[in-house]
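Dear colleague,

Please find below the structure that I am handing over to you.

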Amino acid sequence: MPVNYIGFSGQEPYSIILWVKGDKQVGKTVCYDQQEVEQALDQHAHHYDRHILC
């Protein structure tokens, strides 16, 4: 029997930002171009201790 995939099957992400507070990852933002990365950093970076770009 073939596998039936459910979910998003569109464009691959440009980058994923992992938001970290203390020593815990507390959020994730998926970006599809550099402009979205810059917008996410501008809007959210000050709420967290650090971030990791993947």
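A patch is made of residues with over 30% relative accessible area and no salt bridge, where like charges are joined within 9 Å and nonpolar side chains (Val, Leu, Ile, Met, Phe, Trp, Tyr) within 5 Å. A salt bridge is a side-chain nitrogen of Lys or Arg within 4 Å of a carboxyl oxygen of Asp or Glu.

The model is predicted: local features need pLDDT of at least 70 and side-chain atom pairs pLDDT 80 or more, while totals for chains, interfaces and linings use all residues. Residues are numbered from 1 along each chain as its sequence is written, and side-chain values use heavy atoms, leaving out hydrogens and water.

Asp-33, Glu-36, Glu-38 and Asp-42 form a negative surface patch. Of these residues, Glu-38 lies in helix α1, which spans residues 34–44. With a relative accessibility of 44%, Glu-38 is partly exposed (buried means under 20% relative accessible area, exposed over 50%, and partly exposed in between, with a 1.4 Å probe and protein chains only).

Leu-18 belongs to strand β1, residues 15–21 (helices, H or I, of at least four residues and strands, E, of at least two are DSSP runs numbered from the N terminus). Leu-18 is buried at 17% relative accessible area, and its C-alpha atom is 5.0 Å from that of Ile-52, 34 residues apart along the chain.

The whole structure holds zero disulfides (pairs of cysteine sulfur atoms within 2.5 Å). The sulfur of Cys-31 has its closest cysteine sulfur in Cys-54, 11 Å away, which is too far for a bond. Cys-31 is buried at 1%, whereas Cys-54 is exposed at 53%.

Yours sincerely

Methods. Areas by Shrake-Rupley, 256 points an atom, 1.4 Å probe, with all protein chains shown as cover. Lys, Arg positive; Asp, Glu negative; His and termini not counted. Charge placed at Lys NZ, Arg CZ, Asp CG, Glu CD.
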